[in-house]
Amino acid sequence: MPRPEGRPAARVAAGILLTRILGLVRERIFAQYFGDSMAADAYRAALRIPNVIRNLLGEGTLSASFIPVYAAMIERGEVDGARRLSGAIASLLVLVTAAAALLGLALAPAITDFAAPGFSGATRDLTVTLVKIMFPMSGIMIMSAWCLGVLNTHRRFFLSYAAPTLWNIAQITTLLVLGGVFLQINLVVALAWGALIGSLLQIGVQLPSTLRATGGVRWILDLNTPGVRKVIGAWIPVVFGAGVMQISSIIDTQLGSLLGPGAVATLGYAQLVAVLPISLFGISIAASALPELSREAARTADVAVRDRLANSTNRVAFFILPSAFALVAFGPRIIAALFQTGAFGSTQTAIVSGVLAAYGIGLPAQAMVKLLASGHYALGDTRTPVKIAALSVVISATLAALLMQVYGVAGIAFGASLAAYVNVSLNYTTLRRRTGGIAGSGELRGMAIATLSAILSVGVASLVDRLLPPEQIWLGAIVILGLFGTVYLVIAAMLGHPDARRLMEQLRRRARA
């Protein structure tokens, strides 16, 4: 009998929500001091560059290769072997990431020129400085991903996803304490140091629980440790896949840097908002499902994996479809409420909300990709998602280069959204061949209900939106989004969506309590 995934997913979502809320606070303060200035462009580019290493070797790739092997060993009762495996992987991570961080420090100017070829003069010099400060952060974050892999396998989901709040708090504190004292250039350098300190706090808060879960760590640099070669063998294709996706991210930055001042910052603001529902509803469900999928793959046939994927797909669609409609329809309200202050004015709000709408179009596909990739990983197939991702990146880059000629920065986002649908379609097709199908009539009916409910909710909220004065930024956003969500939930429940009815029942119980 499949283990219920609602509560683990809720814990992941709660941790992510806490982190994202503080991230939005951080970005609002950032917008107040930097807007879409040269310093904002430099910081966005510099932060993305060390993130390449973190994303290559960290959270997503390590979870995909480490959790299935580690969880299977625990499922078979090989507790000591699992402990040795976790220690060996941690040892390898320390070695690899230290070397990568040192290499990044030495090659910061060349990396900056590659990632942001449109930067020159003071913008380039500032970006190089910021890269040097923040590059060691990538190695620290990778060790944080190891903690996440261990804790998730032991069904301790909240801490690892809430730990990045400390990274946000460190930056918020830096901006609040020094924002009124330093000029932009000095302030953005101080912010980079704050981010580095925050990464140390992030891993520090996870280590005690991680060490208790593993019973301590045996630092072993031995490839013959049982399970290590299997993890590495699965890890390499996933790293290549992450590398492909990072290439896509770098290409977006490259294209943005060619569009002139403010373009890279604009992409950053829009991506921050677009990734929130993906993290809350796509990543949370996929992350909580992966350990259970891996356990089921280790002890049962593919049919159990299929059933869990079908259930998770329905749940992702229920939450992500209305999110996509809300970003497209009410982007200006959202962006104004989050960022319109200080150096970030109404002009920036209009530009960023247009980019956000372009990302919103691809939101359902981007969220589903995370879940379907987890299905491949649980079945021991880490190569198929890589091949699909590589094709998707080529399509995304080609479309972005063409569409930006017409739509500017929004064209880059629109290209990524269209490519995401190619990615999710191919992942679904290959999984269906392996498991015999994922979305049955029940799942298709659930998606249809979610789509119809979202359309009707947009119509109701749009009518009210016209009656609200545009200068009431916060009040307007709260009223419109609150109304939209309420109407969506009620309609979906009336039409019989199981997740909507379950959520309504939970709300009734809490109201009675």
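1. A quick convention before we start: contact here means heavy atoms within 4.5 Å. This is a predicted model, in which local features need pLDDT of at least 70 and side-chain atom pairs count only at pLDDT 80 or more, while totals for chains, interfaces and linings use all residues. Residues are numbered from 1 along each chain as its sequence is written, and side-chain values use heavy atoms, with hydrogens and water left out.

2. Let me begin with Ser417, which lies in helix H16. Once neighbours within four places in sequence are set aside, Ser417 contacts Ala358, Tyr359, Ile361, Gly362 and Gln366. Its relative accessibility is 0%, so Ser417 counts as buried (under 20% relative accessible area; exposed is over 50% and partly exposed in between, with a 1.4 Å probe and protein chains only).

3. Now for the wider picture. The protein has 19 helices and 0 strands; these are DSSP runs numbered from the N terminus, with helices being H or I of at least four residues and strands E of at least two. Of its 513 residues, 58% count as buried. Among contacts between residues at least 6 apart in sequence, 84% join residues at least 24 apart.

4. Which residues of H13 meet H16? On the H13 side they are Gly354, Val355, Ala358, Tyr359 and Ile361, and on the H16 side Val409, Ala410, Ala413, Phe414, Ala416, Ser417 and Tyr421. These contact residues divide into 10 nonpolar, 2 polar and no charged (Ala, Val, Leu, Ile, Met, Phe, Trp, Tyr, Cys and Pro count as nonpolar, Asp, Glu, Lys and Arg as charged, and the others, Gly among them, as polar).

5. As for geometry, the axes of H13 (residues 346-361) and H16 (residues 409-435) come within 7 Å and cross at roughly 5 degrees. Axes are lines fitted to C-alpha atoms, for helices over the stretch in contact, and angles run from 0 to 180 degrees between N-to-C directions. The two helices are therefore roughly parallel to each other (under 35 degrees; over 145 is roughly antiparallel, 65 to 115 roughly perpendicular and the rest oblique).

6. H13 has 16 residues and reaches 23 Å from its first C-alpha to its last, close to the expected 22 Å (1.5 Å times one less than the number of residues). Buried residues in H13 include Val352, Val355, Leu356 and Tyr359.

7. Gly104, Leu105 and Ala106 of H4 make the contact with Ala108, Pro109 and Ile111 of H5. That set divides into 5 nonpolar, 1 polar and no charged.

8. Ala108 is found in helix H5 (residues 108-115) and is buried, with a relative accessible area of 0%. Beyond residues up to four places away in sequence, Ala108 touches Val128, Val131 and Lys132.

9. Is Gln184 buried or partly exposed? At 32% relative accessibility, Gln184 counts as partly exposed. This residue lies in helix H9 (residues 184-214) and touches Tyr33, Phe34, Ser37 and Ala39, not counting residues up to four places away in sequence. Gln184 and Ala39 are 145 residues apart in sequence and 6.6 Å apart in space, C-alpha to C-alpha.
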